[in-house]
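Here is a short report on how parts of one protein model pack together. Look at the model first, then read on.

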Amino acid sequence: MNYITTKKNSKIEDFLKTTKKELNKFFNFEIQEPAVMLLNSREQINSIWEQKTADWLVGGAKILNGTKNGIIFILSPDAFPKYSSHKKEEFWQVLKHEYCHIYFRQITGGSYPLWLNEGLANYLAGQKKNGGNPLDVFSYFDEVGGGIYNVGYYWVEFLIKKFGKKKMVQLIHGLKTEREMTPRLFADIFQNIYGFKFNRRELTIVLNNR
């Protein structure tokens, strides 16, 4: 297939360098700059994902097995309006979103909870999401649904605004564990950092006192 790489794309290379400095500072963590593979069509996305994909899906991030090298697969800017439901100018937000996923994976060693992973990527990429019921968060630990981006964004923004960035970063680093990440383990880590239980009752109380 005719893939394009970032080898001679100075605009993307400059963006990656600038974004790396910003994300290093936020996460208090440094990673290797990822490679970026620009795709030219929906057919190529389907080939990478090995399935037919929805028109909103335009990119993804992976860590190569046995390494710390990240790679981002994303439609080229010119292909955004032609093969997706996104506008061309959204390319940079999506690229930053996928960059954030690599940080999350490198720091935590995993992807869960998915609502936190996706919400954080949306928040840092400036992809503001509205709507949805915040208490649906319990449905999105390891499942992707239509509301995950809205709910995830809501909680990341809420927690940072109310309790500060430092606690959010502590939470993310706290997810690095030899144990399998489960909803119960996450709830324990969350409580140790925020001082209240990650359950429907206590989240409701916090929301009512916001």
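Which residues touch the most other members of the largest nonpolar core? They are Met-168 and Phe-186, in a core of 66 residues. A nonpolar core is a set of buried Ala, Val, Leu, Ile, Met, Phe, Trp, Tyr and Cys residues joined through side-chain atoms within 4.5 Å. Buried means under 20% relative accessible area, with a 1.4 Å probe and protein chains only. Helix 4 gives the most to this core, nine residues.

This is a predicted model: local features need pLDDT of at least 70, side-chain atom pairs count only at pLDDT 80 or more, and totals for chains, interfaces and linings use all residues. Residues are numbered from 1 along each chain, and side-chain values use heavy atoms, without hydrogens or water.

Two residues have these contacts (heavy atoms within 4.5 Å), leaving aside neighbours within four places in sequence.

| Residue | Contacts (within 4.5 Å) include |
|---|---|
| Met-168 | Leu-116, Leu-120, Val-156, Leu-159 |
| Ile-72 | Pro-34, Val-36, Leu-95, Ile-102 |

Ile-72 sits in strand 4 (residues 70–75). Helices (H or I, at least four residues) and strands (E, at least two) are DSSP runs, numbered from the N terminus. Ile-72 is buried, at a relative accessible area of 0%. Its C-alpha atom is 6.8 Å from that of Pro-34, 38 residues apart along the chain.

Now the helix pair. Helix 4 (residues 91–108) packs against helix 5 (residues 114–125) at about 135°, with axes 8 Å apart. Axes are lines fitted to C-alpha atoms, for helices over the stretch in contact, and angles run from 0 to 180 degrees between N-to-C directions.

Note on methods
Buried means under 20% relative accessible area, exposed over 50%, partly exposed in between (1.4 Å probe, protein chains only).
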